Amino acid sequence: MGDNGTLPRRVARRPGHQPAPQPYPPSLAGDPSLPYPAIAGELAELRVQVPGVGGCVLGGVDGLLIAHNLTTGDDADDLAALAASSYGLGRQIGHRLGQGSFRQSTVRNDSGYLSVYAVGTLALLAVVGADAINVARLHLHAPPVAERLASMLTPARSA
């Protein structure tokens with residue numbers, strides 16, 4: 001508590017403070033120009049490459065679902081929104097610490113993992129994993145999948 005019984009306040013920003021990150025781009029959700037069969041192939045390939053993957057969600061940075069292959073019974077729309085929340089937190093941490101753009105975040109719970117990978121600047125790849133998943137193997141295979149997905153999404157934005 002402050003001297004007058006009020007809660008302390010944050011101080012003004014220091015001189016030379018960087019501006020906040022730019023706003024989100026337009027949503028990719030429901031874009032009919034996206035190559036959905038190729039996207040589904042990439043998501044399926046990741047499940048084959050990494051045992052223990054219960055499914056993948058491709059969502060926009062706005063939290064809206066683009067595609068998924070979940071078999072876990074989880075709600076794909078909810079996971080797309082959670083991935084965007086993880087992205088938002090990671091984005092702010094990177095900004096505040098001067099560490100650059102969001103690339104990846106992993107949350108471990110009692111019974112499994114949720115890893116979120118940047119797919120360019122437009123989307124996020126969320127991967128649901130069982131507790132026994134080899135996280136190092138996931139981190140080896142998921143970034144190249146995210147890069148290929150980013151190249152599939154980019155033409156949709158430049159058209």
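Me: Two strands pair if DSSP finds at least two bridges between them. With that in mind, how many bridges join strand β1 to strand β2?
Reply: Happy to start there; please keep in mind that this is a predicted model. Strand β1 covers residues 53–60 and strand β2 covers residues 65–68.

Me: Which residue takes a positive phi in the hairpin of β1 and β2?
Reply: This hairpin has 4 residues between the strands. The positive phi there is near 90°, and the residue that takes it is Gly 63.

Me: Let's step back to the whole protein. What pattern does it follow along the sequence?
Reply: The secondary structure comes to 3 helices and 5 strands. Read along the sequence, these elements give the pattern α-β-β-α-β-β-β-α.

Me: Now for β5. How many of its residues are buried?
Reply: Strand β5 spans residues 123–130, and buried means under 20% relative accessible area. The strand is largely enclosed by the rest of the structure, because the buried residues number 7 of the 8.

Me: Which residue in β5 is the bridge partner of Ala 118?
Reply: Strand β4 (residues 112–119) pairs with β5 in the antiparallel sense over 8 bridges. On its pairing with β1, β5 is joined by 7 bridges, again antiparallel. There, Gly 59 stands opposite Leu 124. For Ala 118 too, the bridge partner in β5 is Leu 124.

Me: What is the phi of Gly 120 in the turn between β4 and β5?
Reply: β4 and β5 form a hairpin with 3 residues between them. Gly 120 lies in that turn, and its phi is positive, at about 65°.

Me: Is Leu 89 buried or exposed?
Reply: Leu 89 is found in helix α2. Its C-alpha atom is separated by 9.1 Å from that of Phe 102, 13 residues apart along the chain. Exposed means over 50% relative accessible area. Leu 89 has 55%, so it is exposed.

Me: Which residues form a nonpolar patch on the surface?
Reply: Leu 97 is found in helix α2 (residues 76–97), and this residue is exposed, with a relative accessible area of 56%. Leu 97 belongs to a patch with about 300 Å² of accessible area together. The residues forming the patch are Leu 89, Ile 93 and Leu 97.

Me: One last point: what share of the accessible surface belongs to carbon and sulfur atoms?
Reply: Buried residues make up 40% of the 159 residues in the protein. The accessible surface of the protein comes to about 9300 Å², and the share belonging to carbon and sulfur atoms is 55%.

Key. Residues are numbered from 1 along each chain as its sequence is written. This is a predicted model: local features need pLDDT of at least 70, side-chain atom pairs count only at pLDDT 80 or more; totals for chains, interfaces and linings use all residues. Side-chain values use heavy atoms; hydrogens and water are left out. Patches are made of residues with over 30% relative accessible area and no salt bridge: like charges are joined within 9 Å, nonpolar side chains (Val, Leu, Ile, Met, Phe, Trp, Tyr) within 5 Å. Accessible areas come from the Shrake-Rupley method with a 1.4 Å probe; for residues, only the protein chains shown count as cover. A salt bridge is a side-chain nitrogen of Lys or Arg within 4 Å of a carboxyl oxygen of Asp or Glu. Helices (H or I, at least four residues) and strands (E, at least two) are DSSP runs, numbered from the N terminus. Buried means under 20% relative accessible area, exposed over 50%, partly exposed in between (1.4 Å probe, protein chains only).
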